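User: Hey, can you walk me through this one? I'd like to start with the ligand and then get to the strands.

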Amino acid sequence: MRFFSITAAAILAAASSAQASQYLVRNWCDKDMFLTFANSTTTTTDLVLPAKLAFLSPIAGEGNSVGVANQPGQYWNALGWKAVFGFTSKDGSLWWSLSDLVGDPIAPGTVNVTSSGTREDVCEHATDYMGGVHGCADNGVTLTFNLCSQNA
Ligand SMILES: *[C@@H]1O[C@H](CO)[C@@H](O)[C@H](O)[C@H]1NC(C)=O
Ligand SMILES: *[C@@H]1O[C@H](CO)[C@@H](O)[C@H](O)[C@H]1NC(C)=O
């Protein structure tokens, strides 16, 4: 995984003209965060996303999730606090959700997920963990997951 400054990652995301959708995770927090990636075939546990850095990745396949914890060892721990950003690309549609489990690892900070593509907010947005499932056409969408966001 390659990390970029938060600004550089946003510029790269906007420059991508491919039809494929992508997601961007930006760690605005003052501390490192621990990310766990899971789908039906692969899991990667506790990858460090350093403070003030970001990464960009394509969206492909079903049942993908990026879990965020504020310490290592929390994601697979039943009592660990985690935020879970889930997304699926299937039959030309893109679906995503944001939830937390056990507790909010970003508190007292806030999170959001925003979307852009053919227009701003093309796949809706969330500023808390209770927005349920959002969907749109899977057409060059960028979903941005902001940790320690400044919500509008
Ligand atoms: C699971 O994620 C890995 C790593 O991103 C990816 O290479 C693989 O294609 C994904 N599997 C499915 C079934 O989407
Ligand atoms: C989401 O967070 C980013 C980064 O702090 C902020 O610029 C943006 O306005 C926020 N969006 C919403 C809808 O709150």
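**Ligand and sheet**

Analyst: The shell around ligand 1 has one nonpolar, five polar and no charged residues (nonpolar means Ala, Val, Leu, Ile, Met, Phe, Trp, Tyr, Cys and Pro; charged means Asp, Glu, Lys and Arg; the others, Gly among them, are polar). This is a predicted model: local features need pLDDT of at least 70 and side-chain atom pairs count only at pLDDT 80 or more, while totals for chains, interfaces and linings use all residues. Residues are numbered from 1 along each chain as its sequence is written, and chains are lettered from A and ligands numbered from 1 in the order in which they are written.

User: Which residues surround ligand 1?

Analyst: Asn39, Ser40, Thr41, Thr42, Ala60 and Gly61, counted when the C-beta atom, placed from the backbone, lies within 6 Å.

User: OK, strands now. What's the order in the open sheet?

Analyst: S4-S3-S6-S7-S8-S10, with antiparallel pairing. Strands are DSSP runs (E, at least two residues), numbered from the N terminus, and two pair if DSSP finds at least two bridges between them. S4 (43-49) and S10 (133-137) are the edge strands, each pairing on one side only.

User: Why is S6 largely enclosed?

Analyst: Because five of its six residues (64-69) are buried, meaning 20 or more other C-beta atoms lie within 10 Å of a residue's own, C-beta atoms being placed from the backbone (exposed is 12 or fewer, partly exposed in between).

User: And what does Val66 stand opposite in S7?

Analyst: Phe85. Five bridges join S6 to S7 (residues 82-90). Five bridges also join S3 (residues 33-38) to S6, where Leu35 has Val68 as its bridge partner.

Technical notes
Helix = DSSP H or I, 4+ residues; strand = E, 2+ residues; numbered from the N terminus.
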